[in-house]
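Subject: Structure for you to look through

Dear colleague,

Here is the structure I promised to pass on to you, with the sequence beside it. Please keep it open while you read the notes that follow.

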Amino acid sequence: MREYDTIIIGGGPAGLAAAVEIYNEGVTDILILERDIQLGGILQQCIHNGFGLHEFKEELTGPEYAQRFIDKVEELKIPYKINTMVLDITKEKEIHIMNSEDGYQILKAKTIVLAMGCRERTAGAISLPGTRPVGIITAGTAQYYLNMKGYLVGKKVFILGSGDIGLIMARRMTLEGATVLGVAEILPYSGGLTRNIVQCLHDFDIPLYLSHTVAKVKGKDRVEGLTLMEVDENRKPIKGTEQEFEVDALLLSVGLIPDNELSESADIDIHRRTNGPIVNEKMETNVEGIFACGNVLHVHDLVDFVSAESRRAGRGVVRYLNGEKTLSKGVETVNGQGVSYVVPQKLHVDQIEGKFAEVFLRTTDVYHDAKIVIKLDGKEIKTFKRPHLAPAEMEHLKINKELIDIDYGQLSVEVVEKEAN
Amino acid sequence: MKEWDVVCIVCPKGCRMKVTEENNDMKVSGNQCKRGLTYGVKEVTNPTRVITSTVKVNHPIHRRMPVVTKGAVPKGMMLDVMKEINLIELELPIMVGDMIIGDVLGTGINIVASRTIK
Amino acid sequence: MLDVIVIGTGISGSFVARELAKFDLNVMVLEKNNDISNETTMANSAIIHSGYDPVPGTNKAKYNVEGSRMYEQVCKELECEYKRVGSLTVAVDDEQVQTLYELEKRSVINDVPVSILTRDEALAMEPNLADATKAVLLAESAAIIYPWEVAIALMENAMDNGVTLKLNQEVIGIKKLDSGYKVITTNESFEAKLVINCAGVFADKIHNMIAKKTFEITPRRGQYFVLDTTVGNLVNHVIFPCPSTKGKGVLVTPTTHGNLLVGPTSEVIADKNGIQTTMDGLQYVREHANTIVKNIPYHKVIRSFAGLRPSSDLHDFIIEEAKDAKGFIDVAGIESPGLASAPAIAKEVIRLVKSRIELVNKVKFNPNRKAYTTFAHLNLEEKKEIIKKDKMYGQIICRCETVTEGEIVDCIRRNAGATTIKGVKKRVRPGMGRCQGGFCEPLVVEILARELGIDPMEVKYDSVGSNIFVEETKFNQEQIKELKAKGE
């Protein structure tokens, strides 16, 4: 059985960035596996701009951002297989793959990078009440149809959920000739970035209904209408607030879920909050030599951070192949008050590159004039002031590693809101 | 004195800014960087937007080529620019950055391909 | 003139069609939808009840007991999933324990073996039974199937043996002829000596077209949750609550494909197309399921749906010739345990047919139908082999359920084949998994367009009016010409 130094599962932004970094660090026996007909992953259908400000210091569209990495992979002649599905991964690092040209094969790898991305939450998952006609569709699938194939799934559209894909699709469908009647968000704040509310909704006078949900979908063959209702603080619809809309499609932008069925088959521990693997400072999972990065690890709002995280995973792969050993037991990161998750979940100070430990987190709520407090075994070691925190916006913190230079312990991250006056 | 509330869309931070005009003097507050300053003034004097869309490709699998305006066009012209984009049909191969429409509607802005399809 | 027209392609109509196919008869099946088994058979609990509990002496008791004994053989011939998982009926208080003993008495009359287990015995078998469990009644012969798989396989087999299927034929009138009936549909009319009415919730409407009103069908809606296959083993038997006057109640069961099914509600509604789920209904399901099974992980729900059971005001199955319309046979009011009873009901229909026309066995009748090759179930060598033979089996279309292009193409090309996204999903499962078609639906659209020789704009999700796309973007050549003519 052919054994690769590293096999990367997924040829999207995470997989490509990891591949290039691994190559640049001197390991060239790489194979990228991609199930789609081309490299680039979800970026190929994210044709809007707003990518690359951190990574390239210029504003790019999704396909342009992907193209830079694809061109690099081609230039370095890093091998990849497209139209290839990974069916199984074992903890012994055997990878079962299949495509119509080579048939069914089992490959072996010294290291694996999991970069499978995420999937959308569906109407089924949120138990949307009403009938099940055509026209109820996740925003990402509607985006694929519109941007890759050139089809509109509706001409009078409503969007449930204010995630970024939903907001972006409100603008895209409007520009391509549909009317978007509104966006409903069950929470009192938006799930997407503020700039997207401005340029995708305000620009086209599309109303955003916060604390509202779709209480009923109507229509036999195709969606014919829906009932929108305001919800109370327990997210239960309030009687008497019904508003009727005549629409032919309902797009859902109600969340993304890391796609980890393969990871689970390799006995990789999955974090309850991120729905992604539990990783250390090198993005290495509990199975030595298997790394994870990008949206399979936790859902990002900026691809630039995916690229940075994936390079870190790439360097982790090379260091593992070079036989570097971890000496410390590690500091565990935990979510304190107001924090929904922290990645990575484990930090081995002796393994951290450079001066800083980098952690990413999301908050559970919107906070103003808050501070993020870092405690090591209960003792406050650092605070970060933040004028504005929101669940939709991932926070990135750098903690001087000297502050956490212990063999093992617990690093908690919490949000403290400034007391009113 | 005139006053506008503007949310900056230059980067994902989304700074909430106040733009004021007094005696032809424009002031911006609430921005966290220099780019917000420029954006704030522009948004209340001559708002512009980058447009991203697709054009038809004569190919059974790759039916659409994503395109982008290289630079922003006046916000009020968005739908007119879309009409121009909707007229085009392309043959492959096309490389990222290839010109699709030059100086669209006299705006001085080019529309280019945003990926490579060989 | 045809010998027999069967109206409806649910589980009853499909069993009847396949039984008729065993004889030298000219049989046509009419279906108003664009796919078979798209209503009640598509949305139910998928259980072959053992038959211990219907009131002895009723049609329900008779056909349930007979039917459930026939299923395994039929599923063998048609290569359909059949799993005899057994059922547990849970008593959570003393009154319910008494009910279990009543049911045990009934089971003796119905001749279906059951046994009553203590709480400890039950929990040893099913650790996730509710803490309040006092005793359970075990019926080992209860089974689960994939209802529309069986119906589709029956129809495919019937067609392989000469039966004609006509889709998109809604019956709008029936006229008496000298020697039979003229059945008029929205677009054609057909004549036959006999008519079998298997029209589900619409059986009363069809009956009243030719005979005096003798019964009325009221739809009873049932709402359900489907949970992901990762939690399908929460229970290993069909778990029923203790039955009450309101029916069998909310049950929890594994499915043949490893999902967990929770439901149904039992709501009498007026609308015969009323398959909406409701917030209240789904809440009812959650609350009641929790009384018999604990730890149901509702965050693993991948879909909720509702189906209608055709309940008649006679409260029993109606399988008889209409008194005032000789040769017009009703198969009506087939609510639970209708799925389990269907094979026996079809045999009864044959007896009724035989009293009107002569039946000669078809010499060439082939009872067997090949299952689709389920790629996911093959072993490694078989997988390699089939890809070598047909490259389309090397292309995964649905990653959640591991469905290949080969399977999808097969289910489109067969008799009674799929013509819609839902039709493909019903047959070989792309889109049944956790992503609910988010990734694979676009690929299935392309395969359907290619195989059916139609434009993607014409591909339908389900019913005739359910095209996936409403418009293609960008101007077409004609629009460009028009614009140019206008000088724009």
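If the neighbours within four places in sequence are left aside, C:Lys212 is in contact with C:His207 and C:Asp324, where contact means heavy atoms within 4.5 Å. C:Lys212 sits in the loop between helix H6 (203–208) and strand S13 (217–227) of chain C; helices (H or I, at least four residues) and strands (E, at least two) are DSSP runs, numbered from the N terminus. With a relative accessibility of 61% for C:His315 and 63% for C:Lys212, each of these residues counts as exposed, the classes being buried under 20% relative accessible area, exposed over 50% and partly exposed in between (1.4 Å probe, protein chains only). C:Lys212 also lies 8.8 Å from C:Ala325, C-alpha to C-alpha, although 113 residues separate the two in sequence.

Before going further, please note that this is a predicted model, in which local features need pLDDT of at least 70 and side-chain atom pairs count only at pLDDT 80 or more, while totals for chains, interfaces and linings use all residues. Residues are numbered from 1 along each chain as its sequence is written, chains are lettered from A and ligands numbered from 1 in the order in which they are written, and side-chain values use heavy atoms, with hydrogens and water left out.

In chain B, you could look at B:Gly40, which is found in helix H1 (residues 34–45) of that chain. B:Gly40 is buried, with a relative accessible area of 0%, and, apart from neighbours within four places in sequence, it is in contact with B:Met17, B:Val19 and B:Val28. Its C-alpha atom is separated by 9.1 Å from that of B:Asp5, which is 35 residues away along the chain.

Next come the helix pairs. Two packed helices are described by the angle between their axes and the distance between the axes.

How do the axes of helix H2 (residues 59–78) and helix H5 (residues 147–160) of chain C cross? They come within 10 Å and cross at roughly 60°, the axes being lines fitted to C-alpha atoms, for helices over the stretch in contact, with angles that run from 0 to 180 degrees between N-to-C directions. That angle makes H2(C) oblique to H5(C), since angles under 35 degrees count as roughly parallel, over 145 as roughly antiparallel, 65 to 115 as roughly perpendicular and the rest as oblique. The crossing of H2(C) past H5(C) is left-handed (left-handed if the near helix is turned anticlockwise from the far one by less than a right angle, and right-handed if clockwise). On the side of H2(C) the contact is made by C:Tyr71, C:Val74, C:Cys75 and C:Leu78, and on the side of H5(C) by C:Val150, C:Ala153, C:Leu154 and C:Asn157. These residues divide into seven nonpolar, one polar and no charged, where Ala, Val, Leu, Ile, Met, Phe, Trp, Tyr, Cys and Pro count as nonpolar, Asp, Glu, Lys and Arg as charged, and the others, Gly among them, as polar.

H5(C) itself is mostly covered, with 13 of its 14 residues buried, and it is followed by C:Gly162, whose phi is positive, near 105°.

In the other pair, the axes of helix H1 (residues 11–20) and helix H8 (residues 338–354) of chain C come within 8 Å and cross at roughly 45°, which makes H1(C) oblique to H8(C). Here the crossing is right-handed. Among the residues that meet are C:Phe15 and C:Glu19 in H1(C) and C:Ala346 and C:Lys347 in H8(C), and the contact as a whole divides into eleven nonpolar, no polar and two charged residues.

Finally, a few points about the backbone. The peptide bond from B:Leu92 to B:Pro93 is cis, with omega near 0°, and B:Pro93 lies in the loop between strand S8 (89–90) and strand S9 (99–101) of chain B. C:Gly263 and C:Pro264 are likewise joined by a cis peptide bond, with omega about 0°. A:Ser211 is not a glycine, yet it has a positive phi of about 55°, and this residue is buried, with a relative accessible area of 19%. C:His315, also not a glycine, has a positive phi of about 60° and lies in the loop between strand S18 (301–312) and strand S19 (318–321) of chain C.

With best wishes
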